[in-house]
Amino acid sequence: MEKQVVGSTFSASNMHEVGNENSNPYRNMVMDAMRMSEGNVKECPIVEEEPNTDAARFFDLLRDSDEPLWDGCTTHSKLSAVAQVFIIKSDHGLSEASYDKIIEWARSILPEGNRLKENFYAAKSMMKPLGLGYQKIDICPNFCMLYYLENVELTECMTCGHSRYKSRTGRGKTLVAYKKLRYFPITPRL
């Protein structure tokens with residue numbers, strides 16, 4: 001028996017079915033990211049008014065988790081396809097340009113009217129509300145220290161004395177650090 005990943009499109013009338021154990025795993029991912037559970041979704045009254053921006057993003061993600069990749073597709077939703085290509089990009093260290101080329105090729109072999117996002121920027125914008133972002137922290141080029149918390153205002157390494165920022169050539173006012181660390185907080189991912 002084939003397991004169907006894509007369900008019907010989301011509407012307020014079937015909102016109470018969201019927490020079902022047999023539901024779409026990508027729908028569950030959205031529910032977890034937005035800190036929603038079956039209990040607090042059932043308690044929400046259905047009111048006919050425009051949702052605020054956070055609620056609108058939440059409902060858009062739920063819709064994307066249920067919307068098939070193309071009409072008649074039963075194996076992938078719009079959200080599942082983007083999430084899986086993101087995993088491939090991450091696992092194999094692909095650049096954004098490589099990601100865009102893969103998506104361009106995939107869109108060319110998918111049926112007309114497919115809903116796969118057209119490039120990395122559009123896919124990243126779609127996934128951003130899930131809260132899987134990161135924090136950039138400047139570090140010493142010799143890996144001596146982080147410019148973080150009480151050291152965030154320093155401009156030289158306390159250990160080796162190396163400058164935090166590259167020399168500015170030209171009239172640019174933006175300071176550019178030699179090295180940056182990308183910190184992925186674990187708490188939102190749990």
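Colleague: Are α4 and α5 parallel, perpendicular or oblique to each other?
Modeller: This is a predicted model, and in it the axes of α4 and α5 cross at roughly 135 degrees, coming within 11 Å. Angles of 65 to 115 degrees count as roughly perpendicular and those over 145 as roughly antiparallel, with the rest, apart from those under 35, taken as oblique. The pair α4 and α5 is therefore oblique.

Colleague: What is the handedness of the crossing of α4 and α5, and which residues in α5 take part in the contact?
Modeller: The crossing of α4 and α5 is right-handed. On the α4 side the contact is made by Val 82, Val 85, Phe 86 and Lys 89. By class, this contact has five nonpolar, no polar and two charged residues. The residues in α5 are Glu 96, Tyr 99 and Ile 103.

Colleague: How are α4 and α6 oriented to each other?
Modeller: Helix α4 covers residues 78-92 and helix α6 covers residues 120-127. They pack with their axes 10 Å apart, at an angle of about 115 degrees. Angles from 65 to 115 count as roughly perpendicular. The helices α4 and α6 are therefore roughly perpendicular.

Colleague: How many charged residues are in the contact of α4 with α6?
Modeller: α4 passes α6 in a left-handed crossing. From α4 come Lys 78, Leu 79, Val 82, Ala 83, Phe 86 and Lys 89, which meet Phe 120, Ala 123, Lys 124, Met 126 and Met 127 in α6. By class, eight of the residues in this contact are nonpolar, none is polar, and the number of charged residues is three.

Colleague: Which residues does Leu 116 touch, not counting residues up to four places away in sequence?
Modeller: With residues up to four places away in sequence not counted, its partners are Leu 69, Ala 81, Val 82, Ile 103, Ala 106, Arg 107 and Leu 110.

Colleague: Is Ser 65 buried or exposed?
Modeller: Ser 65 lies in helix α3. Leaving aside neighbours within four places in sequence, Ser 65 is in contact with Asn 24, Tyr 26, Arg 27, Ser 77 and Leu 79. The relative accessible area of Ser 65 is 0%, and the cut-off for buried is under 20%. Ser 65 is therefore buried.

Colleague: Where does Lys 166 lie, and what is its relative accessible area?
Modeller: Lys 166 is in the loop between β1 (135-139) and β2 (179-183). Leaving aside neighbours within four places in sequence, Lys 166 is in contact with Val 176, Ala 177 and Tyr 178. Lys 166 is partly exposed, and its relative accessible area is 41%.

Colleague: How far apart in space are Lys 166 and Tyr 178?
Modeller: In sequence, Lys 166 and Tyr 178 are twelve residues apart. In space, C-alpha to C-alpha, the distance is 5.8 Å.

Colleague: In what order do the elements of the protein chain run from the N terminus on?
Modeller: The protein chain has six helices and two strands. Of its 190 residues, 31% count as buried. From the N terminus on, the order is α-α-α-α-α-α-β-β.

Methods
Residues are numbered from 1 along each chain as its sequence is written. This is a predicted model: local features need pLDDT of at least 70, side-chain atom pairs count only at pLDDT 80 or more; totals for chains, interfaces and linings use all residues. Side-chain values use heavy atoms; hydrogens and water are left out. Axes are lines fitted to C-alpha atoms, for helices over the stretch in contact, and angles run from 0 to 180 degrees between N-to-C directions. Helices (H or I, at least four residues) and strands (E, at least two) are DSSP runs, numbered from the N terminus. A crossing is left-handed if the near helix is turned anticlockwise from the far one by less than a right angle, and right-handed if clockwise. Contact means heavy atoms within 4.5 Å. Ala, Val, Leu, Ile, Met, Phe, Trp, Tyr, Cys and Pro count as nonpolar, Asp, Glu, Lys and Arg as charged, and the others, Gly among them, as polar. Buried means under 20% relative accessible area, exposed over 50%, partly exposed in between (1.4 Å probe, protein chains only).
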